[in-house]
Amino acid sequence: MALTHIPLPVLPSPPSWYPGHMMKFTRTLPSLLTRTDVVLELRDSRLPLTSINRTLEGALRKWRMERGWDPNDPSRRIVNSVPCERIVVLNKRDLVPEWGMEPFRQAMSRKLPGQQILFASWQKPRDIRDLSKTLVNIAKQYPHSSELNVLVIGMPNVGKSTLLNALRNTGIKGPSPKAFRTSAQPGLTQALSTRLKLSVDPPVYAFDSPGVMLPFLGHGEKGAERGVKLALIAGIKEGMYDMEALAAYLLYRLNVLNPISPAYLTLLPANSHPTTDLEDFLTQLAQRMGMVKRGAELDLGRAASRFVRWWREEGGLLAASTSAQVDAAALNGTDAQLFTQGWGFDFQWQVTREEMGNQNELARKKMEECIEKYLVESEREERDEDHISATQRKKQLTMEEKARRKQRYMSRS
């Protein structure tokens, strides 16, 4: 029996995690781009919109315009004398259902043109070879350039260092030791790396960069959801969120991805049914795993941690492989007329029985609506200054007042 009503749980306010090395890199990005030919922007396939770092967009737009791209048409280049390409790589593609990838590409090309979208998994050598070939082909288009310099950017823990290690192993023949340290915890890379050679002929070099979080995740429900999503993929420092809050949102999302047979049922006793009740779910999980505290009380906190860890280590693959599009055949036995459909953690829409026809076309259309909503909300946040916290706004006002006082003092002297 399919779940037809999946309520969003109450989520905690997002924390502020923006260490000094992130701020430093953001400030130096414009000067780094002057010696960059290709920007490889990594995002997480599960969060293709949430893992966009809006604080870097201004510098990237200016870089493209300075190198000949049309400011009014991001897909058109006016002057093409030097390389200037932005490639968006959706990492961990094995953690999202295959059926949504092509509709997503089509939706992005319509709503955000001028970005080359690639899906990849560093577990699949073919993906690495294809990306390496793309970079080499760009270098060959500009034979008068002595080398191609690639800058890898993205949110924390989207796999930048792992990508560069894989590209180096593919592009350099013979023994090629790991180039950069990697970690499951965000924030390991805190400074721009030294140049790493990815190809000998033509010469291609790359720089790894620190993962940069948004300075502030936002106010209200949207900000709260954004923070929990990033925490679930381990993009926010461990310990800044209560595990039960993450488990509540994960339960909600897995129900959206498959309201008939969500992946978490493999953790529960046989013949269990989908549920939207977190306490009921954690109770069943704790009972099955034998998670008991002193006094024979079930340890629901430990069960929540186990649920999140399971999803990060193996459940994500299972969820991706079992999450199919809702179709009329799957809805036999229910009288409901409106159903929830989702892809990844950023795309969710309502679909009626009447709309169920061309599934790819329906997914593309719904994804375009989601992207448009994201763009409108992002513009509003920037316009209304919702992208900074109250503390950051206070500091900003203090600095502005100091600057005005200094100006008045200088004008009198």
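Let me begin with a definition: helices, of at least four residues, and strands, of at least two, are taken here as DSSP runs and numbered from the N terminus. Counted in this way, the protein has eleven helices and ten strands. Please bear in mind throughout that the model is predicted.

Of its 413 residues, 53% are buried. Its accessible surface comes to about 20,300 Å², and carbon and sulfur atoms account for 50% of that area. As to contacts with a separation of 6 or more, 68% of them are between residues 24 or more positions apart.

Next, the sheet. In what order do the strands of the open sheet stand? The order is S3-S2-S1-S4-S6-S5, six strands with mixed pairing. Strand S3, residues 116-119, and strand S5, residues 196-199, each have a single partner strand, so these two stand at the edges and one side of each is left without a neighbour in the sheet. On average, and with direction ignored, neighbouring strands of this sheet are turned by 30 degrees against each other.

Within that order, I draw your attention to one pair. Strand S1, residues 38-44, and strand S4, residues 148-154, run parallel and are joined by five bridges. If you wish to locate this pairing on the display, take Leu40, whose bridge partner in S4 is Val152.

Finally, the cavities, from which a 1.4 Å probe cannot get out. There are six of 30 Å³ or more. The largest cavity has a volume of about 70 Å³. Among the residues that line this cavity are Ala231, Ala234, Ile236, Lys237, Glu238 and Gly239. The lining also includes Met240, Tyr241, Met243 and Leu246, together with Arg312.

That concludes the presentation.

Notes: Residues numbered from 1 in each chain as written. Predicted model: local features only at pLDDT ≥ 70, side-chain atom pairs only at ≥ 80, totals over all residues. Heavy atoms only, no water. Pairing = 2+ DSSP bridges. Axes fitted to C-alpha atoms, helices over the stretch in contact; angles between N-to-C directions. Buried < 20%, exposed > 50% of the residue type's maximum accessible area, 1.4 Å probe, protein only. Contact = heavy atoms within 4.5 Å. Areas by Shrake-Rupley, 256 points an atom, 1.4 Å probe, with all protein chains shown as cover. 1 Å grid on protein atoms, 1.4 Å probe; cavity = no way out; pocket = protein on both sides within 12 Å on 5 of 7 lines; lining within 4 Å. Points joined across faces, edges and corners; volume = space filled by probe spheres on them.
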